[in-house]
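Look at the sequence and the model first.

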Amino acid sequence: MPLVAIPGKIKPIGGDRIIVMDAGTNHQAVHITADALLHDCRPAPGVSYTLSQLSLLEQVASHKFDNGELAFDGNIWITASDIADWQRGRSH
């Protein structure tokens, strides 16, 4: 199921971000770690995520959601290695 970021629901938590995404009839919290934010999806200071950056995070989150890759807290966690794996897999 494609997860879609809910506008206005991107919150900083230390160096990380929590994005609440629409998952059909539910909402799913997606935790983006600081290392992932430094890896091709970090917005410029004071600027919102671009559509391509947000699209990348939505695609990775959707893939993890569909595969049941929820963390101990029930959230989806996206790290730099998830971003790198996704980009490597999509570049073929």
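Which residue takes a positive phi in the hairpin of strand 2 and strand 3? G24 does, at a value near 80 degrees, and this hairpin has 2 residues between the strands.

## Basis

This is a predicted model: local features need pLDDT of at least 70, side-chain atom pairs count only at pLDDT 80 or more, and totals for chains, interfaces and linings use all residues. Residues are numbered from 1 along each chain as its sequence is written, and side-chain values use heavy atoms, with hydrogens and water left out.

Helices (H or I, at least four residues) and strands (E, at least two) are DSSP runs, numbered from the N terminus. Two strands pair if DSSP finds at least two bridges between them.

## Hairpins

Strand 1 (residues 4-13) and strand 2 (residues 16-23) run antiparallel, joined by 6 bridges. A5 stands opposite M21 in strand 2. The two strands form a hairpin with 2 residues between them. G14 sits in that turn, with a positive phi of about 60 degrees.

Strand 2 also runs antiparallel to strand 3 (residues 26-32), with 7 bridges between them. R17 stands opposite I32 in strand 3. I19 has V30 of strand 3 as its bridge partner.

The open sheet holds 4 strands in the order 1-2-3-4, and the pairing is mixed. Strand 1 and strand 4 (76-78) stand at the edges, each with a single partner strand, so one side of each has no neighbour in the sheet. On average, neighbouring strands are turned by 25 degrees against each other, direction ignored. Such angles use axes that are lines fitted to C-alpha atoms, for helices over the stretch in contact; angles run from 0 to 180 degrees between N-to-C directions.

## Core

The largest nonpolar core has 18 residues. Such a core is a set of buried Ala, Val, Leu, Ile, Met, Phe, Trp, Tyr and Cys residues joined through side-chain atoms within 4.5 Å. Buried means under 20% relative accessible area, exposed over 50%, partly exposed in between (1.4 Å probe, protein chains only). I19, M21, V30, I32, I78 and I83 have the most contacts inside the core. Strand 2, strand 3, helix 1, helix 2, strand 4 and helix 3 (80-90) each supply at least two of its residues. Helix 2 gives the largest share, 5 residues.

What does I19 touch, not counting residues up to four places away in sequence? Its contacts (heavy atoms within 4.5 Å) are A5, K9, I10, Q28, A29, V30, I32, L54 and L57.

T33 is in the loop between strand 3 and helix 1 (34-37). T33 is buried, at 10% relative accessible area. Neighbours within four places in sequence aside, T33 is in contact with D16, W77, I78, T79 and A80.

E58 lies in helix 2 (residues 51-66). E58 counts as buried at 17% relative accessibility.

## Aromatic pair

Rings of Phe, Tyr and Trp (its six-membered ring) pair if their centres lie within 6.5 Å; planes under 30 degrees apart count as stacked, over 60 as edge-to-face and the rest as tilted. The centres of the F72 and W77 rings are 6.2 Å apart and their planes are at 35 degrees, so the pair is tilted. F72 is exposed, at 78% relative accessible area. W77 is partly exposed, at 26%.
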